[in-house]
Amino acid sequence: MKLKHVTLLLLVSLSFKPIHSRSQGFLSAKGTQIVNQKGENVLLRGIGLGGWMLQEGYMLRVNGQGQQHKIRAGIESLIGPQRTQEFYDAWLENHTTKADIDSLKAWGFNSVRLPMHFNLYTLPADKEPVAGQNTWLEKGFAMTDSLLAWCKANNMYLILDLHAAPGGQGNDLNISDRDGSKPSLWENEADRLKTVALWKKLAERYRNEPFVGAYDILNEPNYGFEDPENDKNGLKEQNNVPLKQLLQDITKAIREVDDRHIIIIEGNGWGNNYNGMLPPWDKNMVLSFHKYWNLNDTKSIQHILDFRQKYNVPVWLGETGENSNVWFTEAIRLFEKNNIGWSWWPLKKLGANNPLEIRSNEKYMRVINYISGKGSAPASDMAYEGLMEVARGANISNNILHRDVIDAMIRQPFSDKTLPFKNNIINNTGTLDAVDYDLGANRAAYFDTDTANYRINNPKWVGGNRGRVYRNDGVDIVADSAKAGSYYVTDFVTGEWLKYTINISLKGKYTLSFLAAPGKAPGKLAVTIDGKPVGNVMVAPAKEPVSGEWQTYNLQNIVLKNGRQTLRLYAATGGFDLKAIRFEKSPVP
């Protein structure tokens with residue numbers, strides 16, 4: 001599915017109605033609302049550029065300790081420092097471009113959150129030529145300038161987010177690229193002073209830029225100050241004194257040069273623990289919270305709603321995602337019902353549950369397996385080729401576009417209507433892949449019994465597409481090992497169903513052939529056209545069922561009219577896999 005950018009835009013703009021949100025001056029906090037210069041409520045619908053300036057291991061398929069500096073060291077051990085720098089230069093050049101921001105606008109987003117790594121803007125404190133001074137690096141500022149220009153061209157707001165602070169702001173090491181062998185941000189005064197100085201420098205540079213929506217001054221602090229042994233991530237912290245003090249110091253430094261921009265603060269414990277930190281100390285402040293893997297009910301956000309009401313301050317969902325389309329739609333309905341703007345995570349990675357996916361390759365995975373301690377070192381040239389292929393593949397022109405994810409975020413929260421996933425035009429004969437059911441919400445385009453990951457509420461609720469390929473709905477989809485680029489529906493259990501919009505060129509009687517892999521017990525597939533039953537397909541059990549061993553089951557003399565109609569497949573008795581539906585028009589006697 002390699003798409004050039006223009007094609008990518010056209011594919012999506014045909015299906016999604018953009019949200020027109022022209023900037024109206026600086027954003028500011030007014031009571032419990034974020035407003036523009038006209039005083040109008042602004043609901044931020046954004047996405048974070050995770051993986052660009054700061055690589056978290058899981059985004060590159062590195063498991064366990066995946067801090068960027070460790071990944072880089074592993075790469076350097078294979079291909080040397082010069083070619084490692086070539087890889088990182090190519091990654092930064094390709095990962096986020098104007099085409100990405102143009103696409104975000106076309107899809108319906110109105111803001112972008114930039115996760116910044118401090119080391120693109122300044123040297124680490126322990127590498128400064130003169131202790132206590134700050135060496136400023138042009139690379140990070142130039143990248144930010146370019147991103148801001150692309151946002152301005154699309155009338156989108158840019159939110160600056162310090163994702164990796166000097167020294168690292170938590171014990172979840174991957175998030176901030178922290179070196180656990182060195183003092184953290186909280187243990188090193190030089191790192192805290194550099195953090196404050198960096199924000200002052202950023203504020204000086206962007207103080208007159210209304211398209212900079214806000215300063216998100218410290219991402220997901222997660223550090224146990226009072227009981228580091230038993231509460232290392234600060235979830236139970238009661239006072240948060242060092243965190244509040246640093247945020248106040250940053251605020252003071254920003255306000256010395258910039259009194260216009262919103263300052264966003266985050267609590268401890270990955271952004272949600274505000275114990276001891278409130279009330280807000282600045283009149284133009286917004287409280288952020290992050291939300292992952294829990295139920296999308298009012299109870300899940302009640303703490304932040306209470307803060308908003310008690311302190312008369314706006315709130316913003318600064319980061320969420322990494323789940324199924326069902327969860328995405330539920331969450332956005334919840335946020336917007338409560339006038340809470342949001343920023344999704346991330347735009348792209350090596351993985352399918354985001355709008356764009358970066359392709360992997362075999363040579364690259366040899367590198368990753370070596371870095372992860374799961375394989376031997378590949379040859380240097382092989383490693384270099386695999387890495388550079390991924391760096392080039394990070395460009396949007398080479399990404400895999402997941403229209404279903406975008407649809408779940410932009411359209412489905414506000415509509416139960418379904419849309420065709422593909423044209424599905426049948427001319428006498430044709431084949432419909434089972435995985436190409438309609439775009440739409442659960443119970444509208446399909447029904448699946450295990451749709452999302454709610455593991456925070458119950459460790460057993462970890463549903464969604466268990467195959468983690470092709471689409472991000474609840475339907476389980478796996479790759480067909482016998483044919484590259486081919487997929488099928490698996491674990492099609494009793495009570496689940498799939499709906500397809502088909503377009504018949506010639507009316508008449510058709511034979512419908514269903515390609516299925518039997519399960520251990522008899523299966524029964526009930527078929528309807530435009531809501532009317534047309535027959536049942538009995539799937540005989542296999543003595544030793546093997547996923548992907550396909551057999552054909554026919555329904556004959558099915559009358560189809562010209563034009564669009566709806567095919568619905570209902571697993572009256574499930575337990576089998578489904579690959580495709582073939583159509584063949586019967587000859588006219």
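1. Helices, of at least four residues, and strands, of at least two, are DSSP runs numbered from the N terminus. In those terms, N339 is placed in the loop between α10 and β10. The model under review is a predicted one. N339 has a positive phi of about 55 degrees although N339 is not a glycine. With a relative accessible area of 26%, N339 is partly exposed, because that class covers values between 20% and 50%.

2. A second residue with this backbone feature is R61, a residue other than glycine whose phi is positive, near 70 degrees. R61 belongs to the loop between β3 (45-48) and α2 (68-95). Its relative accessible area of 35% makes R61 partly exposed. As background, most residues other than glycine have a negative phi, and most peptide bonds are trans.

3. Two cis peptide bonds also deserve attention. One joins L278 and P279, with omega about 15 degrees; P279 is found in the loop between α8 (268-271) and β8. Another runs from W345 to P346, with omega near -20 degrees. P346 lies in the loop between β10 (341-345) and β11.

4. On the overall division of the chain, domain 1 spans 44-408 and domain 2 spans 416-585. The C-alpha centres of domain 1 and domain 2 are 38 Å apart. Where the domains meet, 19 residues of domain 1 are in contact with 22 residues of domain 2.

5. Which strands close into a barrel, and in what order? The barrel has 8 strands, ordered β3-β4-β5-β6-β7-β8-β9-β10, and their pairing is parallel. From one strand to the next, the twist averages 25 degrees. D216 has I264 in β7 as its bridge partner.

6. A further sheet is open and has 3 strands in the order β11-β12-β13, with mixed pairing. β11 (348-349) and β13 (400-401) stand at the edges with a single partner strand each, so one side of each has no neighbour in the sheet. Strand β12 (residues 356-357) and β13 run antiparallel and are joined by 2 bridges. The bridge partner of E357 in β13 is I400.

7. β17 and β18 pair in the antiparallel sense over 3 bridges, and I477 stands opposite V489 in β18. β18 is also joined by 2 bridges to strand β25 (residues 576-585), and these two run antiparallel. Here F492 stands opposite F576 in β25.

8. The aromatic pairs number 21. One of them, F289 with F335, is edge-to-face, at 6.4 Å centre to centre and 85 degrees between the planes. F289 lies in strand β8 (residues 285-291) and F335 in helix α10 (residues 325-337), so this pair ties together parts that are 46 residues apart in sequence. F289 and F335 are both buried. One aromatic cluster is formed by F109, F289, F328, F335, W342 and W344.

9. How far apart are the ring centres of Y488 and W550? Their centres are 4.8 Å apart and their planes stand at 80 degrees, so this pair is edge-to-face. The pair links distant parts of the chain, 62 residues apart: Y488 is in strand β18 (residues 487-492), and W550 is in the loop between β22 (532-539) and β23 (551-560). Y488 counts as buried at 6% relative accessibility, whereas W550 is partly exposed, with a relative accessible area of 23%.

10. The charged end of R471 sits over the ring of F421, 4.0 Å from its centre. R471 also lies over the face of Y437, at 3.6 Å from the ring centre.

11. Is I456 buried or exposed? I456 is exposed, because its relative accessible area is 54% and the exposed class begins over 50%. I456 lies in the loop between β16 (446-447) and β17 (477-479). Leaving aside residues up to four places away in sequence, I456 touches Y292, W293 and N294. I456 and I301 are 155 residues apart in sequence and 14 Å apart in space, C-alpha to C-alpha.

Key
Residues are numbered from 1 along each chain as its sequence is written. This is a predicted model: local features need pLDDT of at least 70, side-chain atom pairs count only at pLDDT 80 or more; totals for chains, interfaces and linings use all residues. Side-chain values use heavy atoms; hydrogens and water are left out. Buried means under 20% relative accessible area, exposed over 50%, partly exposed in between (1.4 Å probe, protein chains only). Contact means heavy atoms within 4.5 Å. Rings of Phe, Tyr and Trp (its six-membered ring) pair if their centres lie within 6.5 Å; planes under 30 degrees apart count as stacked, over 60 as edge-to-face and the rest as tilted. A charge sits over a ring if NZ of Lys or CZ of Arg is within 6 Å of the ring centre and within 35 degrees of the ring normal. Two strands pair if DSSP finds at least two bridges between them. Axes are lines fitted to C-alpha atoms, for helices over the stretch in contact, and angles run from 0 to 180 degrees between N-to-C directions. Domain bounds come from an automatic or database domain assignment.
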